[in-house]
Amino acid sequence: MISAKVLIMLTILVYLGGMIIIGIYCSKKNENVGDFYLGGRKLGPFVTAMSAEASDMSSYLLMGLPGLAYLSGVADVGWTAIGLAIGTYLNWLVVAKKIRIYTHRLDAITIPDFFSRRYHDEKNILMCIAAVVIIIFFIPYTASGFAACGKLFSTLFGVNYIPAMVISAIVIVLYTAMGGFLAASTTDLIQGIVMSIALLIIVFFGIHIAGGFDAVMDNARSMTGYLSLTMTHDPVSKTASPYGFLTICSTLAWALGYFGMPHILLRFMAIEDHNKLKLSRRIAVIWVVIAMGVAILIGIIGNAMTKVGAVPLLEGSASETIIVCISDLLSKHGCLAAIVAGIVLSGILAATMSTADSQLLAASSSISHNLLGGFFRVNISEKAAMQAARVSVLVISVIAAFIARDPNSSVFGIVSFAWAGFGAAFGPVVLTALFWRRSNKQGALAGMIVGGVMVFVWKYLIRPMGGIWGIYELLPAFLLALAAIIIVSLATQAPEQAVLEEYDAVTKELKNEK
């Protein structure tokens, strides 16, 4: 009889093989760099929605959120999820359509492209700084994905963490380097579906093993502050501490990050018909709200399963493997259950891969397209540009894998910092570029630098002081960056007439279609 481990591995291998086949198929459709990085702006509304949200819901959906809920209850993850849901809706509602129209008019295929062309930055300084920001924050973000894959295989199969992480990275690199944006978007759609299936399976199985939904809730209510949105549970002391108003505001600030996420904004730019973004928005928001709610519920269920001895007690960053532990238990209930467990674990891979592939593309475009071609003006053929793009994917992957070599790193912690970096450095620039006619390139440059620098300053110098300073670095960095854009733009020369005419034309087109 085939063992459960073998069946799980075979299921995962089938899934990974399917991703590579998609990469090979999509590679035939990449005729130029624009196709490689933006899919020729040919995405349908359903693929756009699921690709944007699957690339958004990285490994923290199936590892970070359940792990944090498992340890400390619903306050931290609950307010984070609420902030993310609000940010998702506002990003689709406010930003999506205008950035699609604007970037198409300017023929911009990356976010750094858009910044430079929006403000007629002939020296491409905005492009250069934006590309550097993407590289700085996306490499550790990608590393968190590789780390999640390594944790999955090392926990489940008892193999060494580093080889498991490296093999996972190789698969992601293969289909991304071959198929580019179209492969990433197509696989994101499939991965979003697999993630949904995985979440539902774990919920029903976990509730059954824990003794029913009432038993799960009784366990949660037995822990002080565990189900409260204004208290957070301490798993060590078994006590609760206040989750105050300032902390809530800080956590809700996750919503601000959406306005600056390159891999999500690129999905808006890539849809074939911007009039179908309304349908995409509905699909995206519904999926995100349900997926995050179920992920948090899994953490609560996992805690109840620990209390009845079904899964081991998990402490610290090990709590992020709760779904892996539940899947391992599921696999022991027969061959069919082992295959289902393999699907669940493929869902964890899907959550990781769907974000890592998008991050790799955005980071590689920053090197090959924006820095080499845009800033340093290296004139190369279309074929050479495609090769440079693929080499960039490989180089970034090697660096990310090196960063991910520590198995004890927290997926949630890494994602949180990178999210703050993009939200503060790009979010205010994107919003003012789209909605403030008077903003100029000096203001945009100031905002980008202030936002990016303040994320580091607040996290490592100010936040450790605690008290009122212990808030999530995205909120103060975002506000300071926005202030910098406004002050510097008003203090310097107004944009040239051609820039204003482009802005007015885009605004008029948007109004005419409402």
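Asp56 is buried, because its relative accessible area is 0%, where buried means under 20% relative accessible area, exposed over 50% and partly exposed in between, with a 1.4 Å probe and protein chains only. Asp56 is found in helix H3, residues 45–56. The model is predicted: local features need pLDDT of at least 70, side-chain atom pairs count only at pLDDT 80 or more, and totals for chains, interfaces and linings use all residues. Residues are numbered from 1 along each chain as its sequence is written, and side-chain values use heavy atoms, with hydrogens and water left out.

**Overall form**

- The protein has 19 helices and two strands; these are DSSP runs numbered from the N terminus, with helices (H or I) of at least four residues and strands (E) of at least two.
- The C-alpha trace spans about 70 × 50 × 40 Å along the principal axes of the protein.
- Of contacts between residues at least 6 apart in sequence, 84% join residues at least 24 apart, a contact being heavy atoms within 4.5 Å.

**Surface and charge**

- Buried residues make up 60% of the 514 residues.
- The accessible surface comes to about 19,200 Å², and 69% of this surface belongs to carbon and sulfur atoms; areas come from the Shrake-Rupley method with a 1.4 Å probe.
- There are 34 positive and 28 negative side chains, and the centres of the two sets lie 2 Å apart. Lys and Arg count as positive and Asp and Glu as negative, while His and the chain ends are not counted.

**Core**

- The largest nonpolar core has 160 residues, and Leu61, Phe115 and Trp419 have the most contacts inside it. Such a core is a set of buried Ala, Val, Leu, Ile, Met, Phe, Trp, Tyr and Cys residues joined through side-chain atoms within 4.5 Å.
- In soluble globular proteins, nonpolar side chains tend to be buried together.
- Leaving aside neighbours within four places in sequence, Trp419 is in contact with residues including Asp56, Leu84, Tyr141, Trp254 and Tyr472.

- The C-alpha atoms of Asp56 and Thr230 are separated by 27 Å, and the two residues are 174 residues apart along the chain.
- Thr251 belongs to helix H10, residues 245–252, and is buried with a relative accessible area of 6%.
- Apart from neighbours within four places in sequence, Thr251 is in contact with Asp76, Trp79, Thr80 and Tyr243.
- Ser397 lies in helix H15, residues 382–403, and is buried at a relative accessible area of 4%.
- Not counting residues up to four places away in sequence, Ser397 touches Phe146, Val173 and Leu360.
- Between the C-alpha atoms of Ser397 and Phe213, 184 residues apart along the chain, the separation is 42 Å.

**Loop residues with positive phi**

- Most residues other than glycine have a negative phi.
- Asp107, although not a glycine, has a positive phi of about 55 degrees.
- The loop between helix H5 (74–106) and helix H6 (111–118) holds Asp107, which is exposed with a relative accessible area of 53%.
- His120 also has a positive phi, near 50 degrees.
- The place of His120 is in the loop between H6 and helix H7 (125–157), and His120 counts as partly exposed at 21% relative accessibility.

Conventions:
Charge placed at Lys NZ, Arg CZ, Asp CG, Glu CD.
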